[in-house]
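Me: I have a structure open and would like to talk it through with you. Could we go piece by piece?

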Amino acid sequence: MTTASASFDNDHDYHSSANTTEFVVTHFELSLNVDFGSQVLQGSVTLHFKCLQQEIASERLILDCRDLAISAIKNSEGEVLDFSIEEVNDVLGQKLIVNLNGEHSLIIIDYQTSPTAQGLQWLTPQQTLGKKQPYLFSQSQPINARSWIPLQDSPKARVTFDAEIKVTNGLRAVMSALNDAKMPQDGIFHFVMDKPIPTHLLALAVGDLAFAATGPRSGIYTEPGLLDQAVKEFEDTEQMIQVAESLLGEYAWGRYDMIVLPPSFPFGGMENPLLAFMTPTLITGDKSLVSTVAHELAHSWTGNLVSNATWRDLWLNEGFTTYFTNRIVEAVYSKEQADLEWVNEYTRLKEEMQSFDLSDQTLPANVQTRDPNLAFNRFTYDKASMFVHELEQRFGRQDFDKFLFDYIQHYAFQAITTETFISYMQQYVLPVYADKLSEDELLEWVYGQGLPEWFSPPTTHSLDKVRYALFDFEHGHSATTLNVENWQVHHWQYFLNHLPQVISQEQLMDLDEVFGFTQSQNAEIACDWFRVAIRNHYDPVLDTMSQFLNTVGRAKFVKPLYIELLVAGYQQEALQIYSQAKLSYHPSLQVQLDKILG
C-alpha cells in the first residue's frame, strides 16, 4: 500500500494558474450578449475579490482563461489596468495576469469568447430536434469555465453570482441559478445564485425551450417536441428529492430543475445546481435509465454542497454520489434494481482494472500533471462507491446513515481534499468504530491499488437467470431457447458484458435476429452490443453503429466505440466515421477523440 505522495502539495490545485492563496474571488456579475451569428459570447464580468494574506499578497491578480479576447480591464474607479496573457499549456490554457495598481476589491473585464471555446457548443438549427432555431449550451466541468468566463477556475474557488444574458430570436436562456419559467418580452434574462458554488458548476443554455413542472419544486426545460416524453420519464423526481432529504437532510438549493439537452451533450448528466443537465439518451419510455437523474440529484449534497478541492479528489464527489444514487433507486424503485445497478458497477470496474495501470487504480486520481478529464474513470466512481458500500456494511445502515449525515453537515459549502476526509475519519469516526474499521484498512481502500484483498463483490440472485442463459448459450443453445422472461435493461447489460470474448458469426447473427440488438433504441444496450459485435468483426452492425456515432455525442458511448474499432483493426472505418461526426460532438470531446484517433 502507498500513502499520500510527498512529491506534490495536496492543497494545491495543479489545474489552475490562479493565485488562490493570495486572493479569492467571492462573487461576480456577468453581462453577456449571445451572438449566434458569430458564435461568441460578448460582454463583461465584474469580479469581486478579497485579499487573503495582506502581508504577502502581490499586486497581481492571476486568473484562468482559455482563448478569450480581453479588450479592457478596469477597477471600480474606472481606471484602466495593465494586463497580460501568458500561455500555460494545451491542457490548462492561458493565465490572465492583472496589475491591480493598488488595493482594490473588484475589477471589470470586457471580453469575448472564441467560436471554438472548449466549454461552449453552438448548434445549428439542423442539429436540434425542432430544426428551426440554433442552440447553445456550456459544459464547464472540469476546467472549461475559463473558456467562457475569466476567473479562478478551481473547485475550491466557490462563488456566488448575478447574471444578465441578452438573447435574440425569441429564444430562452437558462443558467445554474434560479430560473423563471416566464419569458421576458425584451430577450433579457436575469439570474441570481446566492449560494457559493464551485466554478465547474457554472452553466448556461440558450435555445427554443419549453418548460413543464414535475413537482412543486422541480421541472424540465427541453425542446418542445421532447417535453411530454421527458416529463413522463422523470415524473418521480419529487419522490427522489424526498428520499434524499430523509437520508442527508434538507435540500439546500430550493428548486431542482433539469434541462434535457440535444444528443451532443457529452455526459449522461451534469449536476449544475438548480439546473441539472441531462442527455436525451435517458429517455427510453420505461424509466430504465432514470438512475442518472437520481445521481445528479444526489450530487446536490455530495458534490455541490461538499465538493472536491482538486480534480485529484474527484472520488469524494463521485464515489459518495454513486453510492447515494443506489440508495435513492432502492427506495423509489426496488432493492432488486438497486442491486442490479450495483453489480453492473462492479462489472464496469473489473473491466477497467484490466486496462489501467496499477498506479491509476487508487481513489485519488493521479492527474496532477495530466488532463483532469482522466480523473473521470471507474475508480473515482465505482471503486469509490464500493468503498462507501463497505462502510455501510461494516457500520450497519443506521449508524452509517448518521455518519453520512454528520459528514455532509460538517463540510457543507466547503471544498475538501482526500487528506481532509482522512483526517475527519481519524478524528470523528475511527475512534467510535474502532472494532469495525481500522486505520490501516481505511488507508488501504483510499491509497491502495486495485481492490483490497478482503473485498467481497456485490451479488444478486436476480442475475441467476442471466447466468443460466449465458451458460446455455455458451454450450450451443440457440437464442430462441434462452429464457429471457421479465428481463430488465440491467439484465441485458449483464448478459452482453459477460458474453465470451470470441463468438462465431453464426452465434452473433442468432442473437441479433432473435433480440434485435443492432436496432435497439436503448443507447446502453446498443453500445454494449456494438462493442461485442466490433470485437468479433460482425460487420452487419457497422452502418447502424455509424449512424449511432453520428447522432449521439455522449462520451460514455462514443469513446469506447472508437477505441473498440481501433483495437479490432477498423482504423479506416473509425477515421471515416469521425470525419463525418466530429462537428456534431462537443468541443471538449473532440479534443479527447483527436488524441485517440490522431
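Me: Which residue is the bridge partner of isoleucine 73 in S7?
Reply: This is a predicted model, and in it isoleucine 73 has isoleucine 109 of S7 as its bridge partner. The strands involved are S4, residues 69–75, and S7, which run antiparallel and are joined by 6 bridges.

Me: And how many bridges join S2 to S7?
Reply: Strand S2 (residues 40–51) and strand S7 (residues 106–112) are joined by 7 bridges and run antiparallel. Within that pairing, glutamine 42 has glutamine 112 of S7 as its partner.

Me: Is S3 mostly covered or mostly open?
Reply: Strand S3, which spans residues 60–65, is mostly covered, with 5 of its 6 residues buried. S3 pairs with strand S6 (residues 93–99) in the antiparallel sense over 6 bridges, and in that pairing leucine 63 stands opposite leucine 96.

Me: Switching to cysteines: is cysteine 65 buried or exposed?
Reply: Cysteine 65 counts as buried because its relative accessible area is 0%, which is under the 20% cut-off. Cysteine 51, at 27% relative accessibility, counts as partly exposed.

Me: How many disulfides does the count come to?
Reply: The count comes to 0 disulfides, going by the distance between cysteine sulfur atoms.

Me: Now the helices. Which residues of H7 are buried?
Reply: In helix H7, the buried residues are Phe400, Asp401, Phe403, Leu404, Tyr407 and Ile408. They lie on the same side of H7, because they cover an arc of only 160° around the axis. The face turned away from that buried side carries the exposed residues Gln398 and Lys402.

Me: How far does H7 reach from its first C-alpha to its last?
Reply: H7 (residues 397–410) has 14 residues and reaches 20 Å, close to the 20 Å expected at 1.5 Å a residue.

Me: What do the buried residues of H7 pack against?
Reply: They pack against several elements, among them helix H2 (237–248), helix H4 (314–332), helix H6 (378–395) and helix H8 (418–429), and the strands S19 (306–308) and S20 (414–416) also belong to that set.

Me: Which residues have the most contacts inside the largest nonpolar core?
Reply: That core has 189 residues, and those with the most contacts inside it are Ile107, Phe403, Tyr407, Phe421, Phe495 and Tyr562. Its largest share, 9 residues, comes from helix H13 (residues 523–535). There is also a second, separate core of 9 residues, which includes Leu92, Ile143, Leu314 and Ala365.

Me: Last topic: what is the order of the strands in the open sheet of 5 strands?
Reply: The order is S14-S15-S16-S18-S17, and the pairing is mixed. Strand S14 (210–215) and strand S17 (269–270) are the edge strands, each pairing on one side only. S14 pairs with strand S15 (residues 218–222) in the antiparallel sense over 5 bridges, and alanine 210 stands opposite threonine 222 in S15.

Methods
Residues are numbered from 1 along each chain as its sequence is written. This is a predicted model: local features need pLDDT of at least 70, side-chain atom pairs count only at pLDDT 80 or more; totals for chains, interfaces and linings use all residues. Side-chain values use heavy atoms; hydrogens and water are left out. Buried means under 20% relative accessible area, exposed over 50%, partly exposed in between (1.4 Å probe, protein chains only). Helices (H or I, at least four residues) and strands (E, at least two) are DSSP runs, numbered from the N terminus. Two strands pair if DSSP finds at least two bridges between them. The expected span of a helix is 1.5 Å times one less than its number of residues. The arc is that of the directions from the helix axis to the C-beta atoms. Contact means heavy atoms within 4.5 Å. A nonpolar core is a set of buried Ala, Val, Leu, Ile, Met, Phe, Trp, Tyr and Cys residues joined through side-chain atoms within 4.5 Å. A disulfide is a pair of cysteine sulfur atoms within 2.5 Å.
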